[in-house]
Amino acid sequence: MGGGQVTDWQGKRVTVAGLGVSGIPAAKVLHERGALVTVVNDGDDERARAQAAELEALGITVRLGDGATLPDGTELIVTAPGWKPDKPLFAAARAAGVPVWGDVELAWRLRGPDAAPWLAVTGTNGKTTTVQMLASILKAAGLRTAAVGNIGVSLLDAVLGEERYDVLAVELSSYQLHWAPSLRAHSAVVLNLAPDHLDWHGSMEAYAADKGRIYEGNRVACVYNLADKATEDLVREADVEEGCRAIGFTLGAPAPSQLGVVDGILVDRAFVADRQKNAQELAEVSDVNPPAPHNIANALAAAALARAFGVPATAVRDGLRAFTPDAHRIAHVADIESVAYVDDSKATNTHAAEASLAAYESIVWIAGGLAKGATFDELVTGAAKRLRGVVLIGADRALIREALARHAPEVPVVELDRTDTGAMLQAVQEAKRLAAAGDTVLLAPACASMDMFTNYNQRGDAFAEAVRELGA
């Protein structure tokens, strides 16, 4: 099974690893094409048994509670992106010479001969926002598109559904890229690189290498972040098609082959005639919602990919104006007694929290949760001057408290050792007590949420509810 499209699945023995959001559609699609599908799953709970019954009714074999053993005769494994590369199933596959694909690879191989090109986005933070901005810009240009991948429409649906697209805006995680060896995008960006998911990848080098796969075989543009040299290094290392260009984006004035900002204007010096002398105005900083520095960077990355696809400057402006960010991404909840309350529950790692903290001058910071192996010294050092007070919640709050003691000892810290649903209300009340007029109370936890909440959405909702209660 080389790198091209696969048309004949009849009788192929395929093992699908995992009964998740990608595993079930993959099993059904392959079964419909005549493959002999066996689904293996580590868990054997009530939900898994119900999902298994649904697949077995179609004639698909399901093995619950045994995700480690390679079924006899397997010719291909299609894995859920979250399954770690060191699992015994994959060791057995390597030993048997069996290829392993993820859901992205499967979608790439199943797309038709006249399939829409992919504009691909990855990075530690900002992926979803950038992809949504990109889709908004492409739509403003009159193109049939969708935001897909790790977000919105599933890639399999986008590739196999009835609707025809001109171009797809594709969000890809490091997990998905790890299992997508033959993906070749029209153009792609790595927004930034910071330590994240190292427990899955094993090292920062392996994590960066998986992110860098997004540039392999790009045809038109490899877009990188001038403020993050690691992204440029990945472009240098990539094997791209002849004529593919490296395009940088910066919050400063752009040089030729870059997009940047001049006097409050987003400017393109990459996709213009005679870029040594000319620049094209794309939009105003005020067209970006919200106009926080990291979000302007997202807008420039989206603009670069859209311009690589030939979109006119007016569509960049119109698309950015039409874009509204998702909930829990620097969402302004309320102003109470001249204090702003902002929900950035989506800041689930230190890099995202750093961008969030950089957007405000005087902050009462609500932080904490599951650290996922992260350290907080650099984050606290960078934010210390902006912190008026800190309220800590969650399982790994001590790690942040210790970093604050080392690097911001004068900042008052309140630590809550409760993990019940009322903890967020108490956290907001404590933050109100610490805040003065003109301050921002910012929920930017720098940690995952699953110690106290189902997900970051529920955590953000709890914050918003607590703020509303304050103002009632």
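Analyst: Happy to! Let's start with burial: buried means under 20% relative accessible area, exposed over 50%, and partly exposed in between, using a 1.4 Å probe and protein chains only. The model is predicted, so local features need pLDDT of at least 70 and side-chain atom pairs 80 or more, while totals for chains, interfaces and linings use all residues. Residues are numbered from 1 along each chain as its sequence is written, and side-chain values use heavy atoms, leaving out hydrogens and water.

User: Why is Val-189 called buried?

Analyst: Its relative accessible area is 0%, and the cut-off is under 20%, so Val-189 counts as buried.

User: What is Val-189 in contact with, leaving aside neighbours within four places in sequence?

Analyst: Contact means heavy atoms within 4.5 Å. The partners of Val-189 include Ala-120, Ile-214, Phe-249 and Leu-305.

User: What makes S9 and S10 a pair?

Analyst: Strands are DSSP runs of E, at least two residues, numbered from the N terminus. Two of them pair if DSSP finds at least two bridges between them. S9 and S10 have three, in the parallel sense, so they meet the definition. Val-189 lies in S9, and its bridge partner in S10 is Val-223.

User: Why are S7 and S14 said to stand at the edges?

Analyst: Nine strands form an open sheet of mixed pairing, in the order S7-S8-S6-S9-S10-S11-S12-S13-S14. S7 and S14 each have a single partner strand, so one side of each is left without a neighbour in the sheet.

How values were computed
Helix = DSSP H or I, 4+ residues; strand = E, 2+ residues; numbered from the N terminus.
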